[in-house]
Amino acid sequence: MALTAAGVGVGVPAHADPVEQIPDGNFDDGVGEWWSTGNSPLSIVNGEACVPVPGGLVNPWDSIVGRDHLNLTAGEDYRLTFTAHSTVPLKPRILVQNATTYLESLGARPEEPIGATPTAYEFFFTAQETNPSGQFAFQLGGDDEDATFCFDNVSLVGGVVKPPYVPDTGPRVRVNQVGYLPHGPKNATLVTDRPAGIAFELRDAKGKVVHRGRSKPAGVDASSGVATHTISFSAYTKAGTGFTLVADGETSHPFDISPAAYDKLRADTLSAFYPQRSGIEIKDSVAPGYARPAGHVGVAPNKGDLSVACLPGTCDYALDVTGGWYDAGDFGKYVVNGGIAAYQLMSAFERTKTARSAQADKLGDGTVRLPERGNGVPDILDEARWELDFILKMQVPDGKPLAGMAHHKMHDESWAGYPMLPSAGDKTRYLHPPSTAATLNLAATAAQAARLYAPYDKAFATRALRAARKAYDAALANPALYAPGGGDAGGGPYDDTNVTDEFYWAAAELYLTTGEKRFADAVRASPLHAADVWVATGFDWQQRAQLARLELATVPNALPDRDRVRRSVVDGARRYLANVTASPWSLAYAPPGNAFDWGSNGLVLNNLQVIATAYDLTNDMKFRDAVLSGMDYLLGRNALNRSYITGYGEVDTHRQYHRWFANSIDDDLPPPPPGSIGGGPNSYASTWDSTAADKLAGCESRPQWCSIDDAQSYATNEIAINWMSTLAWAASFVADQDNGEAAPRANACHVHYTALPSGTGFVAAVEVRNTGPATLKGWELTFAFVGGQRVEAAQGARASQAGATVTLAGGDQLKPGKSLLIGLRGTSAGGANPAPELFRLNGSACS
Ligand code: 9MR
């Protein structure tokens, strides 16, 4: 097994006399037993060994310098140390292996390239066999440029056990390393076991103290296992960059106080989906640095996805299932996880129609780096469409057994190599049998899509709704087809044996889109409709009842018990808010038994979505503040002092587990795109992946420590679409909060909207009252339709419509206390035609 550890630690001697295996490693007496390939002649320069490394070599082993005759003992622990530098940055392979069979006891690369500054390196490993013909080697080939590589003080000592992994957690003052909104909450955490509060200072970029206060002791919380104080500096509201907090002799990482703290994050997280796409060439012009050939479009060595057969013996057809997003760092595509991710992007968009603080223009066309930019469709919908088209392709065709159901997933027959570009995958891929859960994911997301895409692509909306209905009926006819659990070869199981929640969610989406009694009845008959769904574990790909509640609460509809539904969301949000308040880290997640699940970062964010929705429903600032504080945890205010979002924060996570963003393993590959997020702390990690087993064993008692920024740790550090989608939702919400000032109260106007069916369309009366103190000279009323409605004509206003958004304008004065009546004639897309609930008069929200 190869273990890497760059940088120098202190070995713990296990035997009195560690035996030096490389006595000629300091080159005091010349080259000794060292040898090198003919193209890299070894010479001694200033007491060091140096070799020229020609540029343009194909393989690492095309230039080697090494030493044979190491005497290794199986099972014994060794420490390898050396110093090295190079005229051109190089990441050589560092090997201790059998000189004949090449069985590796150590196979490592330095984490960062070896550059001009002589640097000390240290690696620990366990010998894989007893053999007197062990070999140490640097394999140096592969760079484009000629280099000179020099090294010295090579030592290989047996009987030295690797010291335990201790992450570098930096200063004990922990902040949101990205920033705080000027008028938002500003909290930090000080790691200290001092019994009483102590003084802290906020310093500006020049080091000047701009604010002072005292910390509050907060005890030892279960998630971190460390003693903390909390620090609040919300009273300071001036914008600036490069602030630091100083307390207990420690200075925090720098951060900003800025109204724009989250604008870039909103665009980056959404732009990170494009390089995750299957079935399309990724263009450098769209995503600089991420160009790669299309994956899985039938070009060798790929085998797929144009005609993918079922697992042998499970069906007699093959489907074109090209497109969609790869699930994570693997090449699999799974309907249930695609479903929650597509839902979350569509929900972030739909929120612009219903939430007062939402900024629709920030999610419009031209806001995200993707190839469809400029096509007149909001970019976030273009991105979600990439997945929706794939999900629809997973539906069993008419005339086949289980027609209308959705195949659970498709993936390679065994795990692909790591790292690897999608276009290089050479495994056979199979469709796995249909499942009720996947089918209901198709029904729910296709129904949601039908109403959201109707203003932009009627044909797609119609097709999506037809597929959704067919899927829902197929699921009713096959209500208990469960995907098998357990370790599948080549893909994750995403198994789920309770689909009552998926039924509830699918019925809710179908009801919201169609308004049909059948679906309203199904919603109200669901045992989950009145149940307490706000479990401490939070919602995820397996638990969806919460999505039904969030949707029924926020998307305009005529459900008789809608008020109760809304109250239930607020009740749930109170619970997650209580987590934020109780945690010295403002952590929104407090799972039962302190057991952090796989992808806890996603669960933190899902809980923040619930809290944010309560803010949208109530305008109660305590919910909004909890979301903003809740983001602190992900951006560095945590036990590891590390931001989980790539490219954000002083110390960010950037070595996530991912096959084609694995720059830390292969520098021909890019790092994860900015705005990426991996799973994060996972209490069970050390029983899953070997990096976690090696470095994180025992972390369960303080789960915030169960995470490592290592490209081998899939259990704690893998990027996945469902964690990206929840970050996208939350990033959009927090970016909407601008400088953090309380939203103006919606008391300047009141709108009453009533619609009646008429012929193939509807007529509506819109009464607008100016309830503010000022006379409006010229007015403009805007609102968005939930479905495919279109205004055909208006009386009493000039009407125009872009996408779903309607603008009604007039030149008359509108005096305080006076009303206007506008008549509308419109066409509905044939679905639900609920009254819009969010109106803005001259830009301000009405009540
Ligand atoms: O996030 C998933 C987690 O909830 C499951 O327990 C685990 C096992 O089914 O799988 C996780 O998802 C992985 C999926 O199975 C395969 N693609 C990568 C996903 C993230 O690690």
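**View 1. Strand 18 and strand 19 run side by side in the antiparallel sense.** Strand 18 and strand 19 (residues 227-232) are joined by 4 bridges in an antiparallel pairing, where two strands are said to pair if DSSP finds at least two bridges between them. Strands, here and below, are DSSP runs of E with at least two residues, helices are runs of H or I with at least four residues, and both are numbered from the N terminus. Within this pairing, K216 stands opposite T230 of strand 19. The model shown is predicted, so that local features need pLDDT of at least 70 and side-chain atom pairs count only at pLDDT 80 or more, while totals for chains, interfaces and linings use all residues. Residues are numbered from 1 along each chain as its sequence is written, and side-chain values use heavy atoms, with hydrogens and water left out.

**View 2. An open sheet of 5 strands has the order 3-4-11-6-9.** Its pairing is antiparallel, and its edges are formed by strand 3 (43-45) and strand 9 (119-126), each pairing on one side only. On average, neighbouring strands of this sheet are turned by 40° against each other, with direction ignored; for such angles, axes are lines fitted to C-alpha atoms, for helices over the stretch in contact, and the angles run from 0 to 180 degrees between N-to-C directions. Strand 6 (residues 77-86) and strand 11 (residues 147-158) pair in the antiparallel sense over 8 bridges, and the bridge partner of L80 in strand 11 is L156.

**View 3. A disulfide joins C50 to C150.** A disulfide is a covalent bond between the sulfur atoms of two cysteines, and here the term is given to a pair of cysteine sulfur atoms within 2.5 Å. For C50 and C150, the distance from S to S is 2.1 Å. The torsion about their S-S bond is about 110°, so this disulfide is right-handed. The pair links distant parts of the chain, with C50 in strand 4 (residues 48-53) and C150 in strand 11, 100 residues apart. Both C50 and C150 are buried, where buried means under 20% relative accessible area, exposed means over 50%, and partly exposed lies in between (1.4 Å probe, protein chains only).

**View 4. A disulfide joins C310 to C315.** The S to S distance of this link is 1.8 Å, and the torsion about the S-S bond is about 80°, so the disulfide is right-handed. C310 is buried, with a relative accessible area of 5%, whereas C315 counts as partly exposed at 26% relative accessibility.

**View 5. A disulfide joins C749 to C846.** Here the sulfur atoms are 2.1 Å apart, and with -95° about the S-S bond the link is left-handed. C749 lies in strand 30 (residues 749-758) and C846 in the segment after strand 38 (844-845), so the pair ties together parts that are 97 residues apart in sequence. C749 is buried, with a relative accessible area of 1%, and C846 is buried as well, with 5%. The structure holds 4 disulfides, and when the bonded cysteines of the protein are numbered in sequence order, the pairing is 1-2, 3-4, 5-6, 7-8.
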